[in-house]
Amino acid sequence: MKSTRIVLASRPTGMPQPENFRTETVELEAPGPGHALLQTLYLSLDPYMRGRMSDAPSYAPPVEVDQTMCGATVSRVLESTDPAFAPGDIVLGYAGWQTHSVEHTSYLRTLDPAAAPLTTALGVLGMPGFTAYSGLLTIGRPQPGETVVVAAATGPVGATVGQIAKIKGARAIGIAGGPQKTALLRDHFGFDAALDHRAPDFAEQLAAATPDGIDVYFENVGGHVFDAVLSRLNKFARIPVCGLVAGYNATDLPPGPDRLGLLMGHILRKSLTLRGFIQTEFLDQFGEFYPAVSGWVANGDIAYLEDVVDGLDHTVEAFQGLLTGKNLGKLIIKVAD
Ligand code: NAP
């Protein structure tokens, strides 16, 4: 069996470019004991992958140059030496940017295609949905009547954050890039207000939409969105720091005066709680997350949106789009039928 795979050819500086990757076809070994041969059906593209392309210190080791790019996948089992996995089974795994792979079965979880669309295992019912659930409820702790603000709000993390906030009785304000996305925030996801962070008067719009201030800011982006949010935060506001995608391609600190003192002043005077987190820290909550969120999806309390791009050969271009806001919802590559 051959696999076509995309390897990291060199470490990007700034936005990853096609020349930072190489597509190659390799012969796979037959699966050894406890292994399965898999055909990738869907590949998840996520912002964290930009960090794996860099060897800067991080919470996880980088992908090595000449290694296959990493990523969560939904795959079909073609062969297996583990009796728990049969040919034809559909599994969630971490095969990366490739058409076929041989994986240890301890890394695989069987999916039931009748329970939910397979792609949801990479989005609302998978890692991004779990990130939203655990980060919002553990650190953000939204209370009825409070105001919750989240950016990248049409993405799988932000959209789930906003809708769980509403389920908990809070007012949800979504921030996204451009009129098509703000319309989705209002009409598809049911946010109470939708703001375009690219609008020249974004900071004024945010002030108008948060007359009672902000109690929870779920931080997905950083940059100019955080600048506008800072002065709107209420006393005792909670800020789960989940991601800073606005800076993932940065090669240096932004220009301008040092504003650390300003930030620390807000933290002190308003008794703010900022806590960074990586979703794996909360894995003991997965057992409560899955029935809760799959139930909300099934009864219509949580809507989701997926942007499925056809063909592994479009992966690099699609990933660039994820870092510039071209994706409309959870970005997934359809690798095979
Ligand atoms: P996503 O929203 O599907 O995609 C990223 C979005 O970020 C883009 O669509 C774009 O949306 C927005 N963006 C990009 N550059 C921006 C900028 N300069 N300013 C403002 N917004 C910008 O991604 P996701 O998978 O849901 O992830 C959202 C965040 O959660 C990311 O920061 C990710 O790294 C983080 N995350 C963290 C964990 C964890 O364990 N801590 C786990 C999963 C995800 P707009 O067009 O709307 O601006």
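Residues are numbered from 1 along each chain as its sequence is written, and side-chain values use heavy atoms, with hydrogens and water left out. Because the model is predicted, local features need pLDDT of at least 70 and side-chain atom pairs count only at pLDDT 80 or more, while totals for chains, interfaces and linings use all residues.

**Stop 1: the ligand**

Select the ligand and the residues around it. The shell holds 26 residues; a residue is near a molecule if one of its heavy atoms lies within 4 Å of it. Lys 181, His 197, Tyr 248, Gln 279 and Asn 327 come nearest.

Now colour the shell by class. There are 16 nonpolar, nine polar and one charged residues. Here Ala, Val, Leu, Ile, Met, Phe, Trp, Tyr, Cys and Pro count as nonpolar, Asp, Glu, Lys and Arg as charged, and the others, Gly among them, as polar.

Show the cartoon next. Helices α2, α3 and α9 (315-324) each supply at least two residues of the shell. Helices (H or I, at least four residues) and strands (E, at least two) are DSSP runs, numbered from the N terminus.

Then turn to the polar contacts. A polar contact is a pair of N or O atoms within 3.5 Å; within protein, one must be able to donate a hydrogen and the other to accept it, and residues adjacent in sequence count only if both atoms are side-chain atoms. Pick out three residues in turn:

- Val 157: a backbone N or O atom lies 3.1 Å from a ligand oxygen.
- Asn 220: a backbone N or O atom lies 2.8 Å from a ligand oxygen.
- Tyr 248: an N or O atom of the side chain lies 2.8 Å from a ligand oxygen.

How much of the ligand's accessible area does the protein cover? On its own the ligand has 920 Å² of accessible area, and the protein covers 92% of it. Accessible areas come from the Shrake-Rupley method with a 1.4 Å probe; for residues, only the protein chains shown count as cover.

**Stop 2: the cavity**

Rolling a probe the size of a water molecule over the atoms shows where empty space is left. A search of the whole structure finds one cavity of 30 Å³ or more. On a 1 Å grid over the protein atoms alone, a cavity is a set of points where a 1.4 Å probe fits but cannot get out; lining residues have an atom within 4 Å of a point. Grid points are joined across faces, edges and corners, and a volume is the space filled by probe spheres set on the points.

The largest cavity holds about 70 Å³ of space. Select Val 124, Pro 156, Tyr 304, Leu 305 and Lys 330: of the 13 lining residues, these are the closest to the centre. Helix α3 (residues 156-167) gives the largest share of the lining, three residues. By class, the lining has seven nonpolar, four polar and two charged residues.

**Stop 3: two positive phi angles**

Go to Asp 66, in the loop between α1 (48-52) and β4 (73-80). Phi is near 80° at Asp 66, a positive value in a residue other than glycine. Asp 66 is partly exposed, at 43% relative accessible area. Buried means under 20%, exposed over 50%, and partly exposed in between (1.4 Å probe, protein chains only).

Move on to Arg 141, in the loop between α2 (127-140) and β8 (147-150). Phi of Arg 141 is near 45°, again positive in a residue other than glycine. Arg 141 counts as partly exposed, with 42% relative accessibility.

**Stop 4: Thr 73**

Select Thr 73 in strand β4. Is Thr 73 buried or exposed? Thr 73 is buried, with a relative accessible area of 0%. The side chain of Thr 73 reaches the backbone nitrogen of Ala 95 at 3.0 Å.

**Stop 5: distances across the fold**

Draw these C-alpha to C-alpha distances.

Ala 298 is in helix α8 (residues 286-298). Ala 298 is exposed, at 71% relative accessible area. Ala 115 is 183 residues away in sequence and 9.8 Å away in space.

Leu 274 is in strand β13 (residues 273-276) and counts as partly exposed at 34%. From Leu 274 to Ile 139 is 135 residues in sequence and 8.6 Å in space.

Finish at Gly 135, in helix α2. Gly 135 is buried, at 0% relative accessibility. His 104 is 31 residues from Gly 135 along the chain, and 30 Å separates their C-alpha atoms.

Note on methods
On a 1 Å grid over the protein atoms alone, a cavity is a set of points where a 1.4 Å probe fits but cannot get out, and a pocket is an open set with protein on both sides within 12 Å along at least five of seven lines; lining residues have an atom within 4 Å of a point.
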